[in-house]
Amino acid sequence: MNALWIILTGSLVAASCGFLGCFLILRRMAMLGDAISHAILPGIVIAFLLSGSRDIMPMLIGAAVVGLITVLIVQLLSHHGVKTDAAIGVTFTALFSVGVILVSLFTAQVDLDLDCVLYGEIAYVPWDTWQWAGIDMGPRAAWGVGGVFLLSLLVIGLFFKQFKLCSFDPALAAAIGIPVVFFHYLLMTLVSLTTVAAFESVGAILVVAMLVVPSATAYLLTDKLHRMLWISMGVGVLCAVFGYALASWLDSSIAGAMTGVSGLLFLLAFLLSPRHGLVTRAWTRRKIKVSEPA
């Protein structure tokens, strides 16, 4: 049963991150997801210190606020002469460092350590359960990630056309009256919420992989957004299932194995994708040369 909860939690984390990661990839903002996943650490610590509780709601609020602050700082720097990649690097390293300092200073009050922050420990998920009316409802992480994932599905489903147009052609979206800035910050809020929900079980570094790698893999396999979303979530689930199997076989880190599997799946897509695969294109060129008359 513990293995089932671990795989379910890992699947929810990978699928929810991969789902939103598709929009980050299309907007060429993958590293902004990296920035948010690191920068929310001070928000989590401050929320814990103020509330004195590890309940998911204060953590989500703290993460959402700091995530939006991160986006605002990046845009402010970008609009005043700093290159976007440099602005992202400066912002997330500064905020993440503040979070690490806060964890170090208040380590007695904050139930986090730096290994948990960076790598997480999904193996402990089944033992941190949610009790409701004396009934064991299952791991908190699964409910937290699952709830945020449903919220993301609901929001994206309701405004799919707007998110799609803002991702592919924001100038056109603004011209026809779609509030591009609003949907930009709405997406960043969802990314922040998803990141903090997955933070404890997966860790900051591995959340980055799940935000980028499944969606990048899906990007190589299709040119349709709705298919890309489904493929990204499917790749995320495969990463969780085969990653857990690999970690059990090697007796190694579960989250690390899941990320390793995601890298392997991306490599296979990069080599064998029907349209963009390196091997596929080389084989096609070879067939064309062979078929040409001498």
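In which helix is Val-212 found? In this predicted model, Val-212 belongs to helix α11, which spans residues 204–221. Ile-25 lies 187 residues from Val-212 along the chain, yet the C-alpha atoms of the two are separated by 7.2 Å.

Helix α1 comprises residues 2–26 and packs against helix α7, residues 140–158, with axes that come within 9 Å. The two axes cross at roughly 30 degrees; because angles under 35 degrees count as roughly parallel, α1 is assigned a roughly parallel orientation relative to α7. The crossing of this pair is left-handed. On the α1 side, the contact is formed by Trp-5, Thr-9, Leu-12, Val-13, Ala-15, Ser-16, Phe-19, Leu-20 and Phe-23. The α7 side contributes Ala-141, Ala-142, Val-145, Gly-146, Phe-149, Ser-152, Leu-153 and Ile-156. Classified by residue type, the contact between α1 and α7 contains 13 nonpolar and 4 polar residues, with no charged residues.

Cysteine residues were also examined. Cys-17 has a relative accessibility of 0% and therefore counts as buried. Cys-239 likewise counts as buried, with a relative accessibility of 0%. With a disulfide taken as a pair of cysteine sulfur atoms within 2.5 Å, the count for the model is 0 disulfides.

Methods
Residues numbered from 1 in each chain as written. Predicted model: local features only at pLDDT ≥ 70, side-chain atom pairs only at ≥ 80, totals over all residues. Heavy atoms only, no water. Axes fitted to C-alpha atoms, helices over the stretch in contact; angles between N-to-C directions. Helix = DSSP H or I, 4+ residues; strand = E, 2+ residues; numbered from the N terminus. Parallel < 35°, antiparallel > 145°, perpendicular 65-115°, else oblique. Left-handed = near helix turned anticlockwise from the far one by under 90°. Contact = heavy atoms within 4.5 Å. Nonpolar A, V, L, I, M, F, W, Y, C, P; charged D, E, K, R; others polar. Buried < 20%, exposed > 50% of the residue type's maximum accessible area, 1.4 Å probe, protein only.
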